[in-house]
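Visitor: I would like to learn how to read helix packing and sheet order in a model. Could you take me through the features one at a time?

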Amino acid sequence: MVTLAEVARHAGVSASTVSYVLSGKRSISAPTRERVERSIKELGYHPNAGARALASSRSNIIALMVPLRTDIYVPVMMEVAIAVATTARAHGYDVLLLTGEEGPAAVRRITGSGLADAMILMDIELEDERLPLLHAARQPTVLIGLPADTIGLTCVDLDFTATGALCAEHLAALGHREIAVIGEAAAVYERHTGFAERTLDGLRTTARELGLRLLHRPCEGSYESMDGTLSRIFDERPGTTGFIVQNEAAIDPLLSLLRRQGRAVPEDVSVVAICPDQVATSASVRLTSVAIPAQEMGRRAVELVVAKLQGDASEQVALLAPELTARASSGPAPA
């Protein structure tokens, strides 16, 4: 294993000069820096992480809190996590992945131990119990998601309020007046998870403005639960002609059940989904959808937290504008 002293000998400088090049604590002339960096590359030198952390008071690690619950669509969460990891690596940081449902305990562990220089939090609730600890710790932190109160916080997310509004406007423009929303599992709403609540807010506000009748029903996403949910929707609102689905697991069961009932998509009913493009395009009917920009959210979160580590003290809320792609699943309301 190559040592710092061997790099110094190879570059013809002192060990302290190599250390200063690595830490950036002192100004080193450009020719000397280039010579040291060339030796590091040629010898394949990797600084000891523990010693480097002690010397710089930095771990060069970003903690990513991703509670992997059974009632969320894990592929989207992991796509965000992969984008965070690859972007962080490009900035010289590694990622510590925390997947448990520890909540405040995980925040205390990170802020109290110095394990990570900064944190990125996902699965944000409107009244998230982790937030008071973040305010007190003042460790650089970015949220992927929006709580009810964003004062003093930096957040990035899809604008889910605008997403709900966009879906309702699309169906209204096609003449649909009776719309059912098939949502996430009931537990997601019981936790007041931000993305789900904000989507509903956008849907309800726009439905009132456009004179739509809106019915929202949570769904676990299994074939059996979708069967019961769909039956109740048509029992309560037999004139329903438009569906908005914010539950990836429910999409295939819904399309299958509509087909079994003899309801053609989009001739009899239209379906709009809020889901990744690959889910929308691989369904049995190519779905009109608003995509979840998972990679963009992960990339932006890292860029914001790195800016904080570099001294940017500003707070901001970065909302990504939704884009609806019309495909084969939505059409004019039946006469």
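**Helices and sheets**

Guide: Helix α11 (residues 223-236) packs with helix α12 (residues 248-260) at an angle of about 55°, their axes being 9 Å apart. Axes are lines fitted to C-alpha atoms, for helices over the stretch in contact, and angles run from 0 to 180 degrees between N-to-C directions. Helices (H or I, at least four residues) and strands (E, at least two) are DSSP runs, numbered from the N terminus. This is a predicted model, in which local features need pLDDT of at least 70 and side-chain atom pairs count only at pLDDT 80 or more, while totals for chains, interfaces and linings use all residues. Residues are numbered from 1 along each chain as its sequence is written, and side-chain values use heavy atoms, with hydrogens and water left out.

Visitor: How are α11 and α12 oriented to each other?

Guide: Angles under 35 degrees count as roughly parallel, over 145 as roughly antiparallel, 65 to 115 as roughly perpendicular and the rest as oblique; α11 and α12 are therefore oblique to each other.

Visitor: Which residues of α11 and α12 meet?

Guide: Contact means heavy atoms within 4.5 Å. On the α11 side these are Y223, M226, D227, L230 and F234, and they meet A250, P253, L254, S256, L257, L258 and R260 in α12.

Visitor: In what order do the strands of the parallel open sheet lie?

Guide: Strands of a sheet pair through backbone hydrogen bonds, either parallel or antiparallel, and two strands count as paired if DSSP finds at least two bridges between them. Here six strands form an open sheet with parallel pairing, in the order β2-β1-β3-β4-β5-β11. Its edge strands, each pairing on one side only, are β2 (94-98) and β11 (317-320), and the twist averages 20° from one strand to the next. Helix α5 (residues 74-90) packs on this sheet, touching β1 (61-65), β2, β3 (118-121) and β4, and its direction makes about 155° with that of β2.

Visitor: Which strands stand at the edges of the sheet with mixed pairing?

Guide: This open sheet also has six strands, in the order β7-β6-β8-β9-β10-β12, and its pairing is mixed. The edges are held by β7 (213-218) and β12 (324-325), each with a single partner strand, so one side of each is left without a neighbour in the sheet. Strand β6 (residues 178-183) runs parallel to β7 and is joined to β7 by six bridges, with I179 opposite L214 in β7. Helix α10 (residues 194-210) lies across β6, β7, β8 and β9, running at about 160° to β7.
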